[in-house]
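Colleague: I would like to go through the labels used for this model and hear what each one rests on.
Modeller: Go ahead.

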Amino acid sequence: MVIRHYHYKLFHAGQQLLISAVRGKFWPVHIHSLARKVIHDCIPCFRSKPKVRDQLMADLPSARVTPASPFMNVGLDYCGPFFVSNSNRRASPVKCYVAIFVCLVVKAIHMELVMDLTTQTFLAGLKRFTSRRGKPQLVMCDNATTFVSAKRELTEFNRLFHDQSFQDTLVKDTSSDGIEFRFIPPRTLNFRGVWEAQVKSFKAHFKKILGTRVLKIDENLFLSCTSSLKC
């Protein structure tokens, strides 16, 4: 009764404050268990701190846990826009973007500078990535219009190679070793946490180093290449 009285008097105080207040005048035996029991049986305290159920985490996809070579399974995202200037000093800065390729197994990062959000520019950046890191088997990305158009164009290329009657061995190997694009469902942020975290890291370092300065196109290309090599 004494502990409950002090608990109500101190506006439903916690365990440590309750024990300290009671021991200022009394010295009950086993006060820790008594204070814990009083707080546990207090209905207002129980309602103010409901027990939240933990969300069960699903199994990671096979691309995340299966050992593979670096950049064999890749997550892709764009970040930006950033501004770059041309060689002409009078020209106003133009927007550019950075395509970030993240290995889903070892989380290595490769960055490519792209000048716009067209499908042709994305395919050119993808070709530069494959020339440096090798062709991936799986590319995971969101349902952006650029990526959907790129998949459609790559599919048409593969179909064109298969339909040719005069295919030789090289064309067969190229068409059969195509890149698989896998798009995550719309508005599912939990599916792209791996590459979104790397986008956040890149923006933080990029803004700390450059601030508000506007670089030239060749300087941005050099910066993206050296950053990907360090990662």
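Colleague: What makes E112 count as buried or exposed?
Modeller: Buried means under 20% relative accessible area, exposed means over 50%, and partly exposed is in between, with a 1.4 Å probe and protein chains only. E112 has 7% relative accessibility, so E112 counts as buried.

Colleague: What kind of model is this, and how are residues numbered?
Modeller: This is a predicted model in which local features need pLDDT of at least 70 and side-chain atom pairs count only at pLDDT 80 or more, while totals for chains, interfaces and linings use all residues. Residues are numbered from 1 along each chain as its sequence is written, and side-chain values use heavy atoms, with hydrogens and water left out.

Colleague: Why is the contact of R128 and E112 called a salt bridge?
Modeller: The term requires a side-chain nitrogen of Lys or Arg within 4 Å of a carboxyl oxygen of Asp or Glu. The N to O distance for R128 and E112 is 3.0 Å, so the pair meets the rule. R128 is partly exposed, at a relative accessible area of 34%.

Colleague: How many salt bridges does the rule give?
Modeller: The count is two. D41 and K37 also meet in one, at 2.9 Å from N to O. Both lie in helix α3 (residues 31-41), four residues apart, about one turn of the helix.

Colleague: What makes β2 and β3 a pair?
Modeller: Two strands pair if DSSP finds at least two bridges between them. Six bridges join β2 (residues 94-103) to β3, and the two run antiparallel. V102 stands opposite I109. Five residues lie between the strands of this hairpin, where K107 takes a positive phi near 60°.
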